[in-house]
Amino acid sequence: MEKVIENLCMNNVKPINVPLASHFKLSLIFSPRTNEEKKYMSHVLYENAIGILMYAMVSTSPYISHVVGVVSRFMENPGEEHWRAVKWVLRYLRGTSNHCIIFNGSEGSVYGYVDGDYACDLGKRRSIVGYVFTLAGGAISWMSKLQETVALSTTEEEYIVASDASKEAICLKGLLDDIGRTQEKVILLCDSQSAIHLATNPAYHSKTKHIDVRHHFLRHVVDGGKVALQKVHI
């Protein structure tokens, strides 16, 4: 990471302790409009920097998953404000390059956490959702992305991300079985009580019948005892 930061001429910048500041409200309106802006951005290694950030995020840095998902949306036509956000992340990595994921061995079961930010996308009002799975006190799998569909409620948003997370839970459960650490079910923790009721109650819900059938996979794995969806406080 230090080598990457040096190659991007960011090794002398002041480090910061947040991946992305709250004053960044990124959208397509910040794409270049004048010839001067387009000329400036033509010399910026935006795609190269995004690729580096993605590699760091996938490898050992789950804490930048959200911001990488945000800045990568503008790769087609990035503007100066988008580039400032990327440099902000690099400054964050500059100060946390020695951080690592620690596995303490105290907890031998896989736990999953799911959450979302409802309708936070300024352009199409889609939600940003994510999950993280831990084993032995450390993160082993994580994801943060913009939902493909526009959720009509926080219940729908959390239900859909919990369904996506349940697929990862089944995969991790199978991996544990392969290495001789059988786990009866994966606990999936969610802060939406209504989404939990929707997943565990097969009764007809007139306000949720529009939800795509593929997302009801969650009910199937909950009924089968492979995943247990439980409430966790915000």
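Helices (H or I, at least four residues) and strands (E, at least two) are DSSP runs, numbered from the N terminus. The model described here is predicted: local features need pLDDT of at least 70, side-chain atom pairs count only at pLDDT 80 or more, and totals for chains, interfaces and linings use all residues. Residues are numbered from 1 along each chain as its sequence is written, and side-chain values use heavy atoms, leaving out hydrogens and water.

**The sheet**
- Five strands form an open sheet of mixed pairing, in the order β3-β2-β1-β4-β5; two strands pair if DSSP finds at least two bridges between them.
- The edges are held by β3 (138-146) and β5 (227-231), each of which has a single partner strand, so one side of each lacks a neighbour in the sheet.
- From one strand to the next, the twist averages 20 degrees.
- Strand β2 (residues 128-135) pairs with β3 over 8 bridges in the antiparallel sense, and Leu 135 stands opposite Gly 138 in β3.

**Helices across the sheet**
- Axes are lines fitted to C-alpha atoms, for helices over the stretch in contact (heavy atoms within 4.5 Å), and angles run from 0 to 180 degrees between N-to-C directions.
- Helix α6 (residues 154-178) lies across β1 (111-117), β2, β3, β4 (186-190) and β5, and runs at about 25 degrees to β2.
- Helix α7 (residues 193-200) lies across β4 and β5, at about 150 degrees to β5.

**Cysteines**
- The structure holds 0 disulfides, a disulfide being a pair of cysteine sulfur atoms within 2.5 Å.
- Cys 190 is buried at 0% relative accessibility, whereas Cys 171 is partly exposed with a relative accessible area of 49%.
- Buried means under 20% relative accessible area, exposed over 50%, and partly exposed in between (1.4 Å probe, protein chains only).
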